Amino acid sequence: MIKTNIDEIDFSDLYNQQKKISTFESKTKEDWDNKAPYFQEKIYNSAYNDSFIKKINLSDCKTMIDFGCGVGNLSIRLAKKLKSVTSIDYSKEMLNYLEKNAKEEKTTNVKTLNLSWEDDWSEVPKSDLFIASRSFTSQDLKTTIEKISSVANKRVYLSTNASSSYVSDEIANLLEKDIIGKPNFVYIINALFQMGYFPKIDYIDGFSKRNRYNTPKEFIDSIVWSVGQISDVDKKNLTDYFYTLKEEINGQRYYEEKTKWALISWEVFE
Ligand SMILES: C[S@@+](CC[C@H](N)C(=O)[O-])C[C@H]1O[C@@H](n2cnc3c(N)ncnc32)[C@H](O)[C@@H]1O
């Protein structure tokens with residue numbers, strides 16, 4: 001194989017180095033357990049679901065793995081078009097909601113597995129399609145990509161925040177805390193290419209989500225979920241900012257957030 005200087009770059013290593021210094025720390029399964037009611041209320045029926053599904057090529061696929069499935073917003077919709085779906089998440093609370101949702105939808109072809117990206121996947125059934133929507137995380141990119149390819153027969157879709165940050169520049173600029181980015185999708189694309197895949201890249205765009213808050217504390221807590229603990233000065237700045245947000249008739253204030261999702265896909269070779 002003819003080499004170029006990009007071959008000297010270890011994208012797995014770069015990904016890990018950036019992850020280590022990033023402000024945006026990995027969440028625990030308990031964090032996600034606590035977030036499950038929010039996902040049920042706000043995400044289960046959100047506009048993102050249809051936008052994601054529209055971009056998925058289901059041809060020749062009968063079975064699917066949905067990794068980091070959350071409350072089942074994609075699993076249950078896609079189960080209606082497939083023979084069977086394996087929905088995997090390390091948060092038991094998310095899976096509890098998914099099972100309730102499946103029952104309500106009279107969907108009987110979804111099975112759940114309580115596993116993480118890092119666990120042994122020997123009980124994961126090989127499936128035609130593998131999706132991981134907004135849930136990808138890795139301790140070693142090459143190992144995770146190999147693990148995914150070992151359970152996917154045909155096609156893989158990963159969606160991840162296209163930006164390196166979970167907070168907007170506007171919020172980051174209000175904080176005295178230094179915000180250090182997380183590794184974004186570009187690391188994944190490059191690692192895939194180096195492994196011999198030809199990843200495609202698409203974007204799920206134009207999402208304007210209104211996040212509503214009753215109190216400055218609720219607003220501050222939502223920022224702390226992303227960036228970790230902040231100083232009293234930062235809390236004061238966020239409180240002042242909260243009172244500049246538009247107010248609705250019921251007294252809630254809202255912060256309008258635009259998110260662009262990168263959708264990486266590849267065909268698994270036989
Ligand atoms: C942002 S939610 C996305 C849920 C759903 N896929 C969607 O797009 O709406 C991230 C999900 O990934 C799960 N998750 C995060 N880290 C994980 C890990 N290391 N192993 C398994 N699941 C994980 C969380 O429990 C959560 O349900």
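So, how many helices and strands are there in the protein chain? We get 10 helices and eight strands. Before I go on, please keep in mind that this is a predicted model.

Let's start with the overall form. Of the 270 residues, 28% are buried. And take the contacts between residues at least 6 apart in sequence: 74% of them join residues at least 24 apart.

Okay, on to one pair of helices. H2 covers residues 29-43 and H5 covers residues 92-104, and their axes sit 7 Å apart at an angle of about 30°. Angles under 35 degrees count as roughly parallel, so that's what we call H2 and H5. Who makes the contact? On the H2 side you have Trp32, Asp33, Ala36, Phe39 and Gln40, and on the H5 side Lys92, Glu93, Met94 and Tyr97. Sorted by class, that contact has five nonpolar residues, three charged and one polar.

Now the ligand. Which residues come nearest to it? There are 16 residues around the ligand, and the nearest are Trp32, Gly68, Gly70, Ser116 and Ser135. You've met Trp32 already, as part of the H2 contact with H5. As for the whole shell around the ligand, eight residues are polar, six are nonpolar and two are charged.

Technical notes:
Residues are numbered from 1 along each chain as its sequence is written. This is a predicted model: local features need pLDDT of at least 70, side-chain atom pairs count only at pLDDT 80 or more; totals for chains, interfaces and linings use all residues. A residue is near a molecule or strand if its C-beta atom, placed from the backbone, lies within 6 Å of it. Ala, Val, Leu, Ile, Met, Phe, Trp, Tyr, Cys and Pro count as nonpolar, Asp, Glu, Lys and Arg as charged, and the others, Gly among them, as polar. Axes are lines fitted to C-alpha atoms, for helices over the stretch in contact, and angles run from 0 to 180 degrees between N-to-C directions. Helices (H or I, at least four residues) and strands (E, at least two) are DSSP runs, numbered from the N terminus. Angles under 35 degrees count as roughly parallel, over 145 as roughly antiparallel, 65 to 115 as roughly perpendicular and the rest as oblique. Two residues are in contact if their C-beta atoms, placed from the backbone, lie within 7 Å. A residue is buried if 20 or more other C-beta atoms lie within 10 Å of its own, exposed if 12 or fewer, and partly exposed in between; C-beta atoms are placed from the backbone.
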